[in-house]
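Here are my notes on two parts of this model. Please read them with the structure open.

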Amino acid sequence: MTRYNPGSTYRLQFNKDFTLADAEKIIQYLDKTGIKTIYASPVFQAVRGSMHGYDVTNPLRLNEELGTDDDLERLVEKLHARGMGWLQDIVPNHMAYSAENPWIADLLERGDESDYLEFFDIQLNHPNDKLQGKLMLPFFGKPLVQLIDDHELSIHFDENGFHLKYFENEYPLSKNAYPLLLIPVDDLKIPGEIHDFLFDMEKLPWDRNKQKLSALSVENPDVIHHINYCLSIVNANSEQMKVVLENLSYRPTYWKETERLINYRRFFTINGLICLNIQNKNVFKATHELIEKWIEKKQVDGIRVDHIDGLFNPSEYLQRLRELSGETIHITVEKILEKDEKIPENWPVEGTTGYDFLGLVNNLLTNPEKGPVFYSYYSDWIKKTDQYRDVFYKKNRFILYNRFKGELDNLTQECLSIKTVAETEINEQNVRDGLAEFLVFCPVYKIYQAPSSFSKSEKQQVNAIIDSAIRANKGFENSLEVLRKLFLLSDIKSEKEIERIDIFFRHCMQFTGPLMAKGIEDTAFYSYNPFIGHNEVGDSPGYFGIHTETFHQLMKERQERNPLTLNATSTHDTKRGEDARARLNVLSDIPEKWKDATRSWRRMNKMHKVFDREKEIPTANDEYFIYQVLCAHSPMDGTFDQLFITRLQDYLVKALREAKVHSSWSDPDENYEEETLQFIQKIAASNSEFSQHFFVFMKEVIPHGIINSLTQLILKNTCPGIPDTYQGCERWNLSFVDPDNRNSVDYEQLDDDLDELIRGSQSDVFGFAEKLLQRADNGHIKQWLTYLTLKERKEHENLFLKGSYVPVEVEGKYRKHLIAFCRHFEDDHLLIVLPLNTAALPADCNWEDTWLLLPELKLLEWENVLTKDFFKNTNKLEASALFARSHFGFLRSDGKVDA
């Protein structure tokens with residue numbers, strides 16, 4: 001059977017403000033644009049008001065805020081009628097830790113009697129006495145004793161039983177606490193019906209007995225009077241409240257306690273997302289019932305697996321998912337590939353969600369020769385010489401000991417429980433230190449095999465990690481060597497012991513991904529700023545450009561290995577919009593101008609900073625970050641209106657807290673934040689010296705940023721892989737990180753504009769694209785090129801699915817400023833020629849003696865789709881002729897043979 005080919009995808013973020021009915025309205029527009037597949041965010045029942053859908057409360061129901069089952073069925077039927085499809089995002093790693101989640105509610109209420117106890121990755125046998133047999137419930141603003149003393153907790157009764165209330169939040173009271181609540185401390189006579197309820201607690205099913213109590217409370221005044229009396233006592237008496245709460249199956253906990261103590265696995269550092277034991281067959285079956293139903297009804301053509309690296313055994317999970325979904329379903333995984341890392345060959349998937357492509361294109365657009373200038377200038381600016389590897393190490397270590405200490409302690413205890421470790425002379429602190437260094441130095445998100453199944457390369461990886469850790473910290477050598485022997489199974493004789501080591505190693509690997517994400521993506525990316533264009537998911541500030549030869553080689557491999565993997569340039573998780581990133585790359589072409597400009601800005605803006613003793617607000621590092629952010633995200637006219645300033649200020653508060661240097665989410669420094677926001681307000685004022693100087697600088701940068709953006713767009717839509725368009729990115733996307741990048745899109749306007757563009761191209765066949773480029777600030781040129789390139793893919797599906805990728809050699813003076821390649825399939829031929837690093841070219845560049853050496857094809861001619869110019873198929877194509885009326889070469893041949 002044929003695997004579904006998404007062709008081109010369009011990511012939609014569903015929420016209460018953009019529903020299935022809204023998506024149905026734009027099907028015709030997406031089809032016209034050239035989109036083949038809607039790529040949907042999670043649509044399962046989620047926390048009320050969820051704006052993203054990853055906080056699933058019930059994977060067996062469609063989110064009612066998005067629509068009905070009929071709405072989804074009708075939407076997919078209309079897609080299929082047009083030859084389009086539906087790729088559904090699923091979330092196997094975690095669910096919402098919320099009383100809205102019926103499985104969680106049952107667990108909180110029934111404790112170890114709950115049918116869902118094994119569903120969640122929790123540790124009830126925790127060494128901390130407070131957590132023995134109790135699940136942490138870390139959603140409270142104070143420690144428990146203080147909450148009770150301040151009377152901020154109360155217990156209430158309704159038709160669903162007793163609930164613990166904390167402001168607007170309610171949690172079901174645990175079954176074990178009912179007797180303590182209903183048997184008062186005084187000699188008040190207990191109604192017989194209450195006696196019967198308590199007597200039947202262990203005999204009748206809990207839900208049935210609880211319903212019986214609810215009914216009695218309505219029918220019998222004595223029952224409800226007794227309940228209200230008991231509630232009045234416990235709610236007024238702190239000691240009585242303590243007694244009741246001590247008998248809960250959970251422990252109400254101050255939210256900050258999870259930074260040092262925890263007994264459940266969470267998604268990263270988000271207390272409100274609790275992880276699943278998806279490796280258990282019954283959990284897999286229960287959580288995938290609805291997606292299986294949709295597949296059986298042919299409502300789903302593809303699946304996107306969120307956070308694959310969080311799973312206990314990703315390979316096993318994906319095999320089960322493939323068995324469930326069948327051979328025709330396209331499966332892609334959210335996976336961050338580090339440099340030279342490949343998806344495991346045994347995964348039955350088509351590829352990743354495209355962050356690897358994002359990183360490659362971003363580096364292609366960066367001038368690879370200028371990296372040393374930026375790193376040196378940054379060191380001079382901030383008066384430090386830290387290398388990015390040192391920064392990453394420090395940030396990972398900070399996160400580990402200050403945000404993930406509870407998780408580290410849990411792994412330490414698990415390690416000590418293994419006989420091989422317990423018999424050594426190293427103590428608990430030694431184990432903790434060695435384990436911490438191993439986790440921090442892991443260079444990838446995950447090693448996928450367990451020790452008993454290690455290949456030679458995986459053994460080499462483990463050895464390399466431990467060797468690096470020892471070189472950095474000789475004092476931890478003994479404990480690291482113990483881990484080496486453990487993970488390489490040296491002298492392990494017991495099969496049972498090997499099984500425990502396998503499980504322990506997989507638990508460690510469930511933790512390396514979150515550590516890298518929080519330590520690097522959500523900390524270092526906001527605090528290490530030599531060139532923030534590479535502080536991006538799928539990229540690294542340690543990279544600074546690649547040459548075209550490298551890009552070509554990787555694209556050839558992509559076509560051979562994963563032709564159906566996604567090509568992304570913006571997602572709901574990227575740190576900045578694709579066009580902001582493309583604009584930043586212009587700076588890599590003009591480092592001296594950038595240095596001159598920022599030095600001037602520093603001088604003129606010193607008066608707007610606050611100097612308190614030795615403290616400077618904003619610091620030099622944050623100030624340099626701000627200048628890069630302004631270059632990346634300022635509107636296309638280079639000026640600042642108040643809406644932009646407000647958005648920028650909101651972003652900077654988030655950036656400062658993520659950096660965790662002068663402020664943080666746990667301990668915000670509101671004074672530092674406010675002074676930094678005032679700095680922004682002053683320098684961005686329309687009459688400030690800076691804003692006027694900045695406007696002049698940006699007049700040079702923005703046009704080249706536009707060229708970069710369009711080169712990036714054409715590459716995404718014509719290179720091997722499936723191009724993914726994030727909602728609204730048909731136009732310029734200069735957004736900040738979420739939530740700024742999740743704003744609503746005016747599809748009615750986009751649809752009208754596309755119709756106008758199509759009509760305009762028909763009336764001005766030859767010069768239309770270039771005219772659009774001259775008025776590029778409105779984004780019409782990007783929408784037009786999106787349409788043209790996706791239309792090409794739609795009309796020539798086999799060319800992109802099966803066609804070869806052939807690099808085209810460029811010669812001459814400006815050869816480093818062009819990338820060219822051909823796509824060939826049978827008689828179908830496409831030639832792409834795109835400019836690179838244009839800001840480094842002379843202002844009056846006419847490409848002089850630069851030319852392309854075309855592959856030997858017996859074709860009569862090529863037509864540039866953008867200009868309708870024809871070029872004879874000779875061995876040599878002059879760049880000056882090709883770019884005479886357009887900045888881009890998008891040429892195709894009709895396959896006519898030159899006899």
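Two strands pair if DSSP finds at least two bridges between them. Helices (H or I, at least four residues) and strands (E, at least two) are DSSP runs, numbered from the N terminus.

The model is predicted, with local features needing pLDDT of at least 70 and side-chain atom pairs pLDDT 80 or more, while totals for chains, interfaces and linings use all residues. Residues are numbered from 1 along each chain as its sequence is written, and side-chain values use heavy atoms, without hydrogens and water.

1. Strand β24 (residues 828-835) pairs with β29 (residues 889-893) in the antiparallel sense over five bridges. In this pairing His-829 stands opposite Ser-893.

2. β24 also pairs with β23 (residues 818-825), in the antiparallel sense and over eight bridges. Leu-818 stands opposite Pro-835. The two strands form a hairpin with two residues between them, and Glu-826 in the turn has a positive phi of about 50 degrees.

3. Helix α15 (residues 371-382) has buried residues including Phe-374, Tyr-377, Tyr-378 and Trp-381. Among the elements covering the buried residues of α15 are α22 (495-527), α24 (578-587), α25 (591-605) and α26 (620-633). Lys-383 follows α15 and has a positive phi, near 65 degrees.

Methods: Buried means under 20% relative accessible area, exposed over 50%, partly exposed in between (1.4 Å probe, protein chains only). Contact means heavy atoms within 4.5 Å.
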